[in-house]
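I opened this notebook page to keep track of what I looked up in the structure, entry by entry.

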Amino acid sequence: MTAYLIAMAIVALIYMLLTIGLNLQYGYTGLANFGHVGSFAIGAYITALITTNGGFAYVSLPASVLGAALVAWPVALLSKRLRTDYFAIATLAASETLRLAIIEEDWITNGVHGITSIPNMSVALGLDVDPNILILTLLIAANLLAVALITRMVKSPFGRTIEAIRDDEDAVRALGKEPATFKVKVFVIGAGLAGLAGAFYAHYFSYISPEQFLPLITFYVWMAMILGGTGSILGAVAGSLVLVLFLEGSRFVRDILPGVTEVEMASVRLFVVGMALVLLTLLRPQGLMGDFRKR
Amino acid sequence: MVGTPFTRRSVLLSAGATAIAGTLGLPSIAWSQSDRFIVGALNPVSGAGSPYGPAMQASIVMAADEINAAGGAAGRMIEVIGEDTQSAPDAAVTAAKKLIEVNKVDAILGTWSSGVSLAVMPLALAAGIPQAVTSGAPQISELDDKDLIWRFNASNVLFGTAFAKAAAAFGFERPATMAFNNASGIGNSEGFTEAWTADGGEVVAEVVYEPNRASYRSELQRVMSANPDVIVAGSYLPDTTILLREWYQLGGTNKWIIPGWAFGPQLVEALGPDVLEGVIVVDSISNESAASYDHYAKMFAENAGPNLTRSVYSTIAYDMMITFGLAIEAAGPGASIAEINAKIREVASPGGTEVFTFAEGKEALKNGDINYQGASSRLDFDEFGDAKPDFAAAVIRNGELVRSEVITL
Amino acid sequence: MDFALFANLAFNGLIEGAVIALPAVALTLVFGVMGFPNASTGDVMTAGAYAAQTGQIAMAGSIVAGVIVGSVASALLALVFYLCVFRFFQGRPSMYALVASIGLAFATRSTLTFFLGYDQRVFPIPLTRAFSFGPLRIVPSDLYILATSVGAIVLVFLLLYVTPLGRRMRAVADNPDLARSCGISSHRVLSAMWLIAGAVTGLGGILFGIKTVITPLMGWEALLPAFAAMILGGIGNPAGAIAGALTIGIAQELSTPFVGFTYKIGVGFAIMVLALVLRPSGLFNLSARVR
């Protein structure tokens, strides 16, 4: 049971990094990124390619962050021209196009066959410790760092500017600040966090393939953010924990509900996820931790 | 799936007890580990594998009921705990973690699709429990360093070779391939091309198509413009339905070779016998007498609800459970998981008395070795733990499969 | 690389575009008036297809009866979504309505799979063979699909631009407050708009199901191409959505000799993004209609 709880904590912490990144983008700046899974995939593939070819995680972790940030940069430029809803669909399309490229460019990604035998965290760092405990520790550290970074950013003049952009872009422009440069920076930082999440994901799952990077992951992250409350860093933390509790908890519901088959449960699980999204946005749009006055 | 009448009450009640005991961290007092064997049925209930997963899980439960009705295996009752992989590697991994850590399963049966199997394998290997897969990727054999992974279907390489032999047996000279863009579809097509060109043949066109398109006409026209005499498809049921329909509408005259899992009653219902006339279906086959197949088919017809459809994969899932039951029986009371795992190859390999049901096998084991002849294939595992079945090419005549060639590799 | 090849590819793209045009029109109607991309559209398509197939079999195999049952069912479903959920999102950030619509998509699909299972279904329609028309190979059923799609779209246009209801609808879309002060009940107009969008969506699902097979995921998978068509055409512009769908459909198929059958999907997205960058108000919008 302990090992299972550790596993769930690792999954939750990976989602947490993703959610913190998205929260910076949408919650604080109003950038509706529906292609978050793309940055996640880039991080995972960079790590997988480096570490299965003998590289250490000391190289691959920063490379995943930088790579994801770099690829996100041209997409970020689109935010200069597109309004929120257009940008949402453009980013969704960008992440799907990236997935097509991963499938098609098999000379580097091994295509639909995926990359197997990605070394675990201990091997990748050359440390002789339990890989699960190690990745858990690193993930906690990474999340704490991300929270600290964003808290500092939000309290700084930069943070006040991006929140002002979210609330009234024209007003910011009138004050002589160019919203676009701020947006690009925020988008790229959020993508870097997703890239880091992808790197941990690759080490933990040891196998990655294009089918693991569907838009559904993005929707889950949105769900976590909205669960917790947009524009709240604590909300991102709480939201991703509740999300994983939600996705995993349904497995146990079936075990203690006699007469429900797994086949029926698969439908019930999706129904509950769907209704939760509807009811939360309808009845508690500020989320569990969010401050409604801010929106 | 409302009111599915197969018996699962005992299974679920005990599963519930395990979960509660596990959650509370209490030892389960009512059951001691040696009088039951817990199986995790980890199947693609939803997602891309959903045409197959529900019937797979039901078949594992049916096989477990059959074993329990025969008095259990080596005095143990089989418990089945179902989980859904959602046909996705990440969901499959968390489900497998739960099965291993919380339900303390002794084996994982029925992971479908290579992506899922490859993602779950490291967990099974680390936990030291056997995993039975139905996935085609050759890497699965390479990565199994503990002889714990059992592949109950033919690998992509074998299937591709069988396709090539079937094409040769029917006298085709200008084959083309169409592959669904995933590991299995591409694996089968590559296996075919490799085997076909190794014998000096030429493949006139190769097309990989994406799932969920509104039409495959452009893909078909590309292939048909190369003027093949046969199209070898690495496909699944829904896309095969669309491909064959559009091919017929376009007035195609070439033949088709499709894999067994792409054929089923739904295909005949969807297209009618005219379109399917002469389509060649290549599949792994059971022993000629196939008593186990008849047994399974009858049991499925009686127990499965109206919403479940039998497929190659459900037959394989059934065989997995029966094979494991026989291995438990052969290992004897109180055997460890490693000892049971070591018996799997033995109960299904040539040399012993041929048996076709669990009850027959249990009886015959009293007098020496057995060789379970599965419903899906004769299940002789090679050194990698891969079943090496015979194949048969059947031609569809009037909506029915008529076997014409047996292919031995 | 001859003319006949490209002519056939273009024709294939035209049919695919005609199928996607229907959900794209529904998306753009809803987006134009309510201001959010409605992700439940895909699963309403699926529901319409299942309802139509069930209806057809219940009505002794009449496809016309099936189409009516399916369209009515999906129209009612869309209306229920509006009355119970979407109307409460007016005046709130569009992303919340989008997330809620994703939730409704999941809820719709899971309800279908719970009661109907995951097996594929097909419309029992006799198959027809293609005939040659110049270099084109034309399947008669594709012509019916094209005709149905065109007919439905013409009907929507008549409703929007000829009837008093359509005038009121456009008035609400342009300026809800002004419309209200003129005595137009925006609630009734919006209900009518959702009924129309739902029926069009369901019809799209039925055509998609006739052309392929009915599976629980079919509509969800058609959503992204429909989004792309809507954006290319300019939001709130039904004619643009149709033009967008046909452009993407034809461009995708024509690109296949050069980029293959995987990247063709990316070609659709690339056209959309390019159009957005060059003309953020949509390729086919004569005047920017940014709300």
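The entries below go from the overall form of one chain to a contact between two chains and then to a single residue.

**Entry 1: chain C as a whole.** I note at the outset that this is a predicted model. I began with the secondary structure of chain C, for which I find 10 helices and 2 strands, and reading along the sequence I wrote down the pattern α-α-α-α-β-β-α-α-α-α-α-α. The radius of gyration of chain C is 19 Å, close to the 19 Å that the globule rule gives for 291 residues, so I recorded chain C as being as compact as a globular protein of that length. Taken along the principal axes, the box filled by the C-alpha atoms of chain C comes to roughly 60 × 50 × 35 Å.

**Entry 2: the inside of chain C.** I then looked up burial and found that 60% of the 291 residues of chain C count as buried. For the contacts in chain C between residues at least 6 apart in sequence, I noted that 76% join residues at least 24 apart.

**Entry 3: chain C against chain A.** How many residues of chain C are in contact with chain A? I have 46 residues of chain C in contact with 43 residues of chain A. The size of an interface is often given as the accessible area lost when the parts come together. For chain C and chain A this buried area is about 3,800 Å², with 77% of it on carbon and sulfur atoms. The count of salt bridges between the two chains is 0, whereas the rule finds 9 residue pairs in polar contact across the interface, with both residues at pLDDT 80 or more. On the side of chain C that touches chain A, the elements that give two or more residues are helix H4 (94-116), helix H9 (218-233) and helix H10 (238-278) of chain C, and H4(C) gives the most, with 16 residues. Sorted by kind, the residues of that side of chain C divide into 34 nonpolar, 9 polar and 3 charged.

**Entry 4: Gly190(A).** Is Gly190(A) buried or exposed? I find Gly190(A) in helix H10 (residues 179-205) of chain A, and with a relative accessible area of 0%, which is under the 20% cut-off, Gly190(A) is buried. Leaving aside its neighbours within four places in sequence, I list Gly21(A), Leu24(A), Gln25(A) and His36(A) as the residues in contact with Gly190(A). I also looked up Gly190(A) against Gly249(A), and these two are 59 residues apart in sequence and 29 Å apart in space, C-alpha to C-alpha.

Conventions: Residues are numbered from 1 along each chain as its sequence is written. Chains are lettered from A and ligands numbered from 1 in the order in which they are written. This is a predicted model: local features need pLDDT of at least 70, side-chain atom pairs count only at pLDDT 80 or more; totals for chains, interfaces and linings use all residues. Side-chain values use heavy atoms; hydrogens and water are left out. Contact means heavy atoms within 4.5 Å. Buried area is the accessible area (1.4 Å probe) that two parts lose on being put together, summed over both. A salt bridge is a side-chain nitrogen of Lys or Arg within 4 Å of a carboxyl oxygen of Asp or Glu. A polar contact is a pair of N or O atoms within 3.5 Å; within protein, one must be able to donate a hydrogen and the other to accept it, and residues adjacent in sequence count only if both atoms are side-chain atoms. Helices (H or I, at least four residues) and strands (E, at least two) are DSSP runs, numbered from the N terminus. Ala, Val, Leu, Ile, Met, Phe, Trp, Tyr, Cys and Pro count as nonpolar, Asp, Glu, Lys and Arg as charged, and the others, Gly among them, as polar. The radius of gyration is taken over C-alpha atoms; the globule rule is 2.2 Å times the number of residues to the power 0.38. Buried means under 20% relative accessible area, exposed over 50%, partly exposed in between (1.4 Å probe, protein chains only).
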